[in-house]
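The following exercises concern a single protein chain. Please study the sequence and the structure before turning to the worked solutions.

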Amino acid sequence: MNSLFNSALKQSSSIRRDLDTFSQSPTTSSPALQGQLAASLASLSRTVDDYSALSKKELIPEKQQKAFDRVKNFRSELADYRVQFDRLRKEREDAQSVTNHNELLGRRPHHAATPENPYAQSSLPQSTSAFAPSSSGLGFGAGPADYDRETHALREQSFFSNTHNQLDDFLDRGRAVLADLGQQREVLKGTQRRLYSVANTLGVSGDTIRMVERRARQDKWIFWGGVVIFFLFCWAVLHFLR
């Protein structure tokens, strides 16, 4: 149980350092750091669950109560870490959305006759100049086709952003699965070591039992040999001294 407690402490310290790094630059942090944090949080949750299960089997009341307090503190820290991680990830997503929107608007052509609001075009005063283009001709400002292209580009940008987020989620899940497999590997290794220990113990016990049986057979032959020699000695005494 102490090994699980030490492991939980190390994982908590590592998560705290990663969160501090993430909070320093949430907008420029790499997706790998987010995946590492997600995997670390999942691993810490499993470690706390294992420690809680072992603490329920503790026979000494004082140690059991101490273990329960530790589990409570770990769960509180884990909840705080998750809240902070979700907040930082939300800030990063919002910052990326704003950056993408600004980049998209930066590529948009600006003309004097094109308002920022596309619905405000109808409220612009119509030109009465003889040199003004007719409604059927091509104007110098941005027409409906430009807005269609802008809308299409915005949809593409949103699609790429959503795809990027989904890929990050898939990577996070893959790292979490990899962490689960690593932990299961450690558990299986521990089980294998215990099985080897039990097998060695059984082997030693078998050798001891066989040695005892062999010694018992030898003692039996010695006993019956002594009985025969004793009766022969008694017969010889009675036969020659009578």
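**Exercise 1: The surroundings of Arg92**

Leaving aside residues up to four places away in sequence, Arg92 touches Phe22, Pro26, Thr27, Ser29, Pro31 and Gln34, where a contact means heavy atoms within 4.5 Å. The model is a predicted one, in which local features need pLDDT of at least 70 and side-chain atom pairs count only at pLDDT 80 or more, while totals for chains, interfaces and linings use all residues. Residues are numbered from 1 along each chain as its sequence is written, and side-chain values use heavy atoms, with hydrogens and water left out.

Task: Determine in which helix Arg92 lies, and whether Arg92 is buried or exposed.

Solution. 
Step 1. Arg92 belongs to helix H3; helices (H or I, at least four residues) and strands (E, at least two) are DSSP runs numbered from the N terminus.
Step 2. The relative accessibility of Arg92 is 7%, so this residue counts as buried. The scale is as follows: buried is under 20% relative accessible area, exposed is over 50%, and partly exposed lies in between (1.4 Å probe, protein chains only).
Step 3. Ser29, one of the residues that Arg92 touches, is 63 residues away along the chain, and the C-alpha atoms of the two are separated by 8.3 Å.

**Exercise 2: The chain as a whole**

Task: State how many helices and strands the protein chain has, and what share of its residues counts as buried.

Solution. 
Step 1. There are 4 helices and 0 strands in the protein chain. Read from the N terminus, the order of elements is α-α-α-α.
Step 2. Among the 242 residues of the chain, 20% count as buried.
Step 3. The accessible surface amounts to about 18,100 Å², and carbon and sulfur atoms supply 61% of that area. Such areas come from the Shrake-Rupley method with a 1.4 Å probe; for residues, only the protein chains shown count as cover.
Step 4. Of the contacts with a separation of 6 or more, 75% are between residues 24 or more positions apart.

**Exercise 3: Salt bridges**

Task: Identify the residue with which Arg75 forms a salt bridge, and explain which parts of the chain this pair ties together.

Solution. 
Step 1. The structure holds 5 salt bridges, each being a side-chain nitrogen of Lys or Arg within 4 Å of a carboxyl oxygen of Asp or Glu.
Step 2. In one of them, Arg75 pairs with Asp49, with the closest N and O atoms 3.2 Å apart. Because Arg75 is in helix H3 (residues 61-106) and Asp49 in helix H2, the pair ties together parts that are 26 residues apart in sequence.
Step 3. Arg75 is partly exposed at 39% relative accessibility, and Asp49 is partly exposed at 36%.
Step 4. Arg75 also touches Ser52, as does Val71. Ser52 is placed in helix H2 (residues 31-55) and, at 11% relative accessibility, is buried.

Solution. 
Step 1. The relative accessible areas are 35% for Glu91, 42% for Arg87, 36% for Asp94 and 46% for Lys90.

**Exercise 4: Surface patches**

Task: Name the residues that gather in a patch of positive charge, and those that make a nonpolar patch.

Solution. 
Step 1. Patches are made of residues with over 30% relative accessible area and no salt bridge; like charges are joined within 9 Å, and nonpolar side chains (Val, Leu, Ile, Met, Phe, Trp, Tyr) within 5 Å.
Step 2. The positive patch on the surface consists of Arg214, Arg215, Arg217 and Lys220. Lys and Arg count as positive and Asp and Glu as negative, with His and the chain ends not counted. Arg214 lies in helix H4 (residues 144-241) and is partly exposed at 43% relative accessible area.
Step 3. Phe233, Trp235, Val237, Phe240 and Leu241 make a nonpolar surface patch of about 630 Å². Phe240 is placed in helix H4 and is exposed, with a relative accessible area of 61%.

Terms used: Charge placed at Lys NZ, Arg CZ, Asp CG, Glu CD.
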